[in-house]
Amino acid sequence: MYATIVVGVIIIGMSIFFVYSSDQAKMRGQAFGKAIEFLQEDLRNQTHVFDSKISMFKRGDIGKNEFLEFAKKHENEMKQIVLRYDNLQTPKPFMPSMELFKLSAESQLESDKYMIEWVRTGDGSAHVRSDSLLQQSFEYEQAALYEFQLVQGKTNP
């Protein structure tokens, strides 16, 4: 009789534990999803502002010194964004996609540095290198999105 009660209590306890663990995993997953969403949005906004300033410089709406002053702040902001990838509580299945997202952001930053060099020096090869790194950044991001969605599909049947 006591053995049956003990087994019943153990089964109930294990059921509660697994349901609780599952709920906690879902909450961590949702928090991670929101964190990466905010991070990607900040990156997108920062690159949009940079692209806008480049366009303004090319049109002559802002001068070289004004652009270079903005560029210093931009580089610092981008470095902070890249560092945020390391602070994410990334679930193990999402690690490959996060590494690709980070590589994309790092390539974007390198591209921006070469674009800044082009503005500073007028060296056309820096502009070409910037374009090449920008393409690489885009490819990393596409691969990251693919990996991310692949894992999401496996975790949300």
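1. Rings of Phe, Tyr and Trp (its six-membered ring) pair if their centres lie within 6.5 Å; planes under 30 degrees apart count as stacked, over 60 as edge-to-face and the rest as tilted. Since Phe50 belongs to helix α1 and Phe70 to helix α2, the pair ties together parts that are 20 residues apart in sequence.

2. Basis of the note. The model is predicted: local features need pLDDT of at least 70, side-chain atom pairs count only at pLDDT 80 or more, and totals for chains, interfaces and linings use all residues. Residues are numbered from 1 along each chain as its sequence is written, and side-chain values use heavy atoms, with hydrogens and water left out.

3. Other rings around Phe70. Phe67 and Phe70 sit three residues apart in helix α2, about one turn of the helix, and both are buried. Their ring centres are 6.2 Å apart with the planes at 50 degrees, so this pair is tilted. Ring pairs join Phe50, Phe57, Phe67, Phe70 and Trp118 into a cluster. Under the pairing rule the count is seven aromatic pairs. Lys53 lies over the face of Phe70, 5.4 Å from the ring centre; a charge sits over a ring if NZ of Lys or CZ of Arg is within 6 Å of the ring centre and within 35 degrees of the ring normal.

4. Overall fold. The protein chain has four helices and zero strands, in the order α-α-α-α along the sequence. Helices (H or I, at least four residues) and strands (E, at least two) are DSSP runs, numbered from the N terminus. Of the 157 residues, 31% are buried. Among contacts (heavy atoms within 4.5 Å) with a separation of 6 or more, 71% are between residues 24 or more positions apart. The accessible surface is about 10400 Å², 59% of it belonging to carbon and sulfur atoms; areas come from the Shrake-Rupley method with a 1.4 Å probe.

5. Cores. A nonpolar core is a set of buried Ala, Val, Leu, Ile, Met, Phe, Trp, Tyr and Cys residues joined through side-chain atoms within 4.5 Å. The largest has 18 residues, and those with the most contacts inside it are Ile36, Tyr85, Leu88, Met98, Phe101 and Phe148. At least two of its residues come from each of α1 (2-59), α2 (64-86), α3 (95-121) and α4, with α3 giving the most, five residues. Beyond four places in sequence, Tyr85 is in contact with Ile36, Leu39, Gln40, Leu43, Met98, Phe101, Lys102 and Ala105. A second, separate core of 13 residues includes Phe50, Ile54, Leu68 and Trp118.

6. Ser130. This serine is in helix α4 (residues 124-155). Ser130 counts as buried because its relative accessibility is 2%. Apart from neighbours within four places in sequence, Ser130 contacts Ser111, Tyr114 and Met115.

7. Geometry of α3. At 1.5 Å a residue, the 27 residues of α3 should span 39 Å, and the end C-alpha atoms are 39 Å apart, which agrees. The expected span is 1.5 Å times one less than the number of residues. Just after α3, Gly122 has a positive phi of about 80 degrees.

Note on methods:
Buried means under 20% relative accessible area, exposed over 50%, partly exposed in between (1.4 Å probe, protein chains only).
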